Amino acid sequence: MINIGKENDNHYIVDDPHVSRHHARLEKQEDGVWLLVDLDSTNGTYVNDQQVARKRVNLKDEIRFGGQYICSLSDILNQHNDYSEEFAQLKKVYDRYIESKVKIQSSNQFKIRLLQSLPFALLGVVGVALSFLDKGSPLLMTISLFIMICAPTIGIFLGAKQSAKVPRQLQYIANQFKIDYVCPKCGTFLGEIPWESLRNRKQCPVSSCKAKWINE
């Protein structure tokens, strides 16, 4: 719970003449969402320019206390080094990264096997064609022999070409992951450590940061 107002005993102190001494309160609900409660303030509490008595708020909402003081949920939470809302959003970043890696690897594995098999499938088609044509034709026999010799090489080439795309694709998503999967306060890359494992740490390990990732 975070008390908001201009008195020094509040958790979030607002130095504004239009803000009451004990103006409002933020209460964290069981589902993790914050509930903003007006404490019968003189000049009211507003969310996105709508006066409210009680309102669930998120990071995108504009909050106004009294007539002029505007802030956001992040402003209030971050004053107390609380980055739990932003940290919770990193779970989607990690899950999306893992899903993309698996998709790239499985998709390319299928394509590689398919490309490697195509030349051999062509051999089968030629064999069927020869069974219906003159088997003694020198030209057809030459073509068949040529395909038989080249098929493995072509299959290996096509498979290798497709395989070469995998590192580039993985590097692309890894680069974006390094930008997105960072401590919401200090911006330190969190590595490929699962989000659940980071959650158990409860705060950023960087000594100069120590941002709270879990609000208890």
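Buried residues are those under 20% relative accessible area. The views below show a predicted model.

**View 1. Phe87 and Trp213 form a stacked aromatic pair.** A search of the whole structure finds 8 aromatic pairs. In one of them, the ring centres of Phe87 and Trp213 are 4.8 Å apart and the planes lie at 0°, so the pair counts as stacked. Phe87 belongs to helix α2 (residues 84–132), whereas Trp213 lies in the segment after α5 (195–201). The pair therefore ties together parts that are 126 residues apart in sequence. Both Phe87 and Trp213 are buried.

**View 2. Phe177 and Tyr181 form a stacked aromatic pair.** A pair of aromatic rings is described by the distance of the centres and the angle of the planes. For Phe177 and Tyr181 these are 4.7 Å centre to centre and 20° between the planes. Tyr181 has a relative accessibility of 0%, so Tyr181 counts as buried. Phe177 has a relative accessible area of 4% and is therefore buried as well.

**View 3. Ring pairs link five named residues into a cluster.** The members are Tyr94, Tyr97, Phe177, Tyr181 and Phe189. The stacked pair of Phe177 and Tyr181 is part of this cluster.

**View 4. Helix α4 spans residues 165–180.** The helix has 16 residues, and the distance from its first C-alpha to its last is 23 Å. This is close to the 22 Å expected at 1.5 Å a residue. Val166, Ile173, Ala174 and Phe177 are the buried residues of α4. These residues cover an arc of only 110° around the axis, so they lie on the same side of α4. On the face turned away from the buried side, α4 carries the exposed residues Arg168, Tyr172 and Ile179. Phe177, on the buried side, is also a member of the ring cluster.

**View 5. The charged end of Arg64 sits over the ring of Tyr46.** The distance from this charged end to the centre of the Tyr46 ring is 4.0 Å.

**View 6. Ser74 lies in helix α1.** Helix α1 comprises residues 73–78. The relative accessibility of Ser74 is 16%, so Ser74 counts as buried. Leaving aside residues up to four places away in sequence, Ser74 touches Leu59 and Glu86.

Notes. Residues numbered from 1 in each chain as written. Predicted model: local features only at pLDDT ≥ 70, side-chain atom pairs only at ≥ 80, totals over all residues. Heavy atoms only, no water. Phe/Tyr/Trp six-rings, centres within 6.5 Å; stacked < 30°, edge-to-face > 60°. Helix = DSSP H or I, 4+ residues; strand = E, 2+ residues; numbered from the N terminus. Buried < 20%, exposed > 50% of the residue type's maximum accessible area, 1.4 Å probe, protein only. Lys NZ or Arg CZ within 6 Å of the ring centre and 35° of its normal. Expected span 1.5 Å × (residues − 1). Arc of directions from axis to C-beta. Contact = heavy atoms within 4.5 Å.
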